[in-house]
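Visitor: I'd like to learn how to read a model like this one. Could we take it feature by feature?

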Amino acid sequence: MENYNIQGVSAGLAERLRQFSALAENEGSLTADQLAIIYDFRWFKLFVPNSLGGLEWSVPEGVRLEEELARIDGSLGWTVTLCAGANLFVGYMDRSVTGSVFADPKVCLGGSGQATGKAVIDGDRYRVSGRWRYATGAPHLTHFTANCTLEQDGRKFLDSNGNPVIHSFFFPKADVRIISDWNAFGLKATASHSFEVDNLTVDRSQAFLITPDAATWHHPIYRYPFLPFAEATLAVNTLGMARHFLECAAELDVAGLRKSVQAAESQLKEARESFYRVLDYSWNELLRVGECTAETFEPVSRWSRELVKVSRKQVVALFPHVGMAGADASSEINRVWRDIFTASQHSLLRS
């Protein structure tokens, strides 16, 4: 394999990955060549234990890589981010099944965080039905993950606050029906299609809860709250794509544009440094005391939103000045623009 730095990827590898971007968009999915590189570097297993063939990286390490991959190509970064984030669920899954599931070097989980399914308790199993949207990487997923409300004898389970009790589940690909409905104008190669199951019998070992208290592995990453983790990983995708947009703009022969690009780069650099400062602090606090308070993670959420806000603002300000290249659907800068503003529709990025 090529030399790899956890802060990013080599220039040669970046170029290899980027040369497939237009083809991947046309095909509506990452190419076989891109996936081969991902499997080779085990990027879908960023947060999987070493003993299961993973890299067992920290949050700051993984987030920095995801930013770099998004800078190379939006669909590439988004797919690795969402699939690596779903593979992180290994830390909450029943250990009686994780060995067999993650023995596959190409294992890739993905799905939906929306609780649009129901799981009916049936003895020591569940009967699950539902339809979920936006399963990033659907064509190459080996397992689909989904959230469901719990029911028994026609009655919904409620928590102490009267809210529906929600459990997460995973299903082998063979048990789901993929609905090819991803028609967004950007991030086309993420192939974020819907999927559904109908009265599927599911073993209890396929249910899990994504909370630090429910972790089944002891690596610190499984004690890092999932919401700030998700916010941070999605935010750096917007940052990476914005950096790519500025790179494309800098290459255009447009009078006065380079100075504007440099000013935008300065704004991104400042926001990026502040974001990573609080992210690194939250991780170091977790290592130091074994857990973190809400006060530790609130700045991660706040700076994730700010990072996205600054990134979008710089791109929007520059777009009217990039000329017809920005309006040409076949151009690289137009693809990056479309990717950024497709990503912006994710519920965690709308603020």
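**Reading the model, feature by feature**

Visitor: Let's begin with accessibility: is Gly99 buried, exposed or partly exposed?

Guide: Gly99 is partly exposed, because its relative accessibility is 37%. The cut-offs, with a 1.4 Å probe and protein chains only, are under 20% relative accessible area for buried and over 50% for exposed, with partly exposed in between. Before we go on: this is a predicted model, where local features need pLDDT of at least 70, side-chain atom pairs count only at pLDDT 80 or more, and totals for chains, interfaces and linings use all residues. Residues are numbered from 1 along each chain as its sequence is written, and side-chain values use heavy atoms, leaving out hydrogens and water.

Visitor: Where is Gly99 placed?

Guide: Look in helix α6, residues 95-102. Helices (H or I, at least four residues) and strands (E, at least two) are DSSP runs, numbered from the N terminus.

Visitor: What about Ala271 and Lys106?

Guide: That pair is 165 residues apart in sequence and 35 Å apart in space, C-alpha to C-alpha. Ala271 sits in helix α8 and counts as buried, because its relative accessibility is 5%.

Visitor: On to helix packing. At what angle do the axes of α8 and α9 cross?

Guide: Axes here are lines fitted to C-alpha atoms, for helices over the stretch in contact, and angles run from 0 to 180 degrees between N-to-C directions. Helix α8 (residues 257-289) and helix α9 (residues 294-318) have axes that come within 9 Å and cross at roughly 170°. So α8 and α9 are roughly antiparallel; the cut-offs are under 35 degrees for roughly parallel, over 145 for roughly antiparallel, 65 to 115 for roughly perpendicular, and oblique for the rest.

Visitor: Which classes of residue make the contact of α8 with α9?

Guide: It has 16 nonpolar, eight polar and two charged residues. For these classes, nonpolar covers Ala, Val, Leu, Ile, Met, Phe, Trp, Tyr, Cys and Pro, charged covers Asp, Glu, Lys and Arg, and polar takes the others, Gly among them. In the loop between α8 and α9 you'll find Glu291, which is exposed with a relative accessible area of 59%. The C-alpha of Glu291 is 9.1 Å from that of Pro212, 79 residues away in sequence.

Visitor: How many disulfides are there?

Guide: A disulfide is a pair of cysteine sulfur atoms within 2.5 Å, and by this rule the count is zero. Cys83 is in none, and its nearest cysteine sulfur, that of Cys108, is 3.3 Å away. For Cys148, also in no disulfide, the nearest cysteine sulfur is that of Cys83, at 19 Å. Cys83 is buried, with a relative accessible area of 0%, and Cys148 counts as buried at 0% relative accessibility.

Visitor: And backbone angles: what is phi for Ala191?

Guide: About 50°, a positive value although Ala191 is not a glycine. Ala191 lies in the loop between β9 (177-179) and β10 (193-203), and is buried at 1% relative accessibility. Asn199, in strand β10, has a positive phi near 55° and is partly exposed at 42% relative accessibility.

Visitor: Last one: what volume does the largest pocket have?

Guide: Rolling a probe the size of a water molecule over the atoms shows where empty space is left. The largest pocket has a volume of about 1,200 Å³. (On a 1 Å grid over the protein atoms alone, a pocket is an open set of points where a 1.4 Å probe fits, with protein on both sides within 12 Å along at least five of seven lines; lining residues have an atom within 4 Å of a point. Points are joined across faces, edges and corners, and the volume is the space filled by probe spheres set on them.) Its lining counts 42 residues, with Leu82, Gly111, Ser112, Gly113 and His346 nearest the centre of the pocket. By class, the lining of the largest pocket has 19 nonpolar, 20 polar and three charged residues. Helix α7 gives the most to that lining, with six residues.
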